[in-house]
Amino acid sequence: MNVAVVGMIAGMALGFAGFFGGFGAFLLVAALGAVGFVVGRFAEGDLEPGDFFRSRDDRRDRRR
């Protein structure tokens, strides 16, 4: 499944949540989707827990 299809499905889910459940449901679905995205990236190995806990100076040093 390509990225455009996944984006379309996510947009439709947010639209249904907003329409049927109101703004609170929209925010809940968006937040849970973001959490699911991060967990999926961890599962694929694209992220490591240390990526969230490094100081700003360490990030700048890595980019150079």
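I looked up Val5 first: Val5 is partly exposed, at a relative accessible area of 32% (buried is under 20%, exposed over 50%, partly exposed in between, with a 1.4 Å probe and protein chains only). Val5 lies in helix H1; helices are DSSP runs of H or I with at least four residues, strands are E runs of at least two, and both are numbered from the N terminus.

The model is predicted: local features need pLDDT of at least 70, side-chain atom pairs pLDDT 80 or more, while totals for chains, interfaces and linings use all residues. Residues are numbered from 1 along each chain as its sequence is written, and side-chain values use heavy atoms, without hydrogens or water.

Chain. I noted three helices and zero strands, in the order α-α-α from the N terminus. Buried residues account for 2% of the 64 residues.

Helix H1. Gly45 follows H1 and has a positive phi, near 90°.

Leu47. I placed Leu47 in the loop between helix H1 (3–44) and helix H2 (50–53). Leu47 is partly exposed, with a relative accessible area of 23%. Leaving aside neighbours within four places in sequence, I listed Val38, Arg41, Phe42 and Phe52 as contacts of Leu47 (heavy atoms within 4.5 Å).
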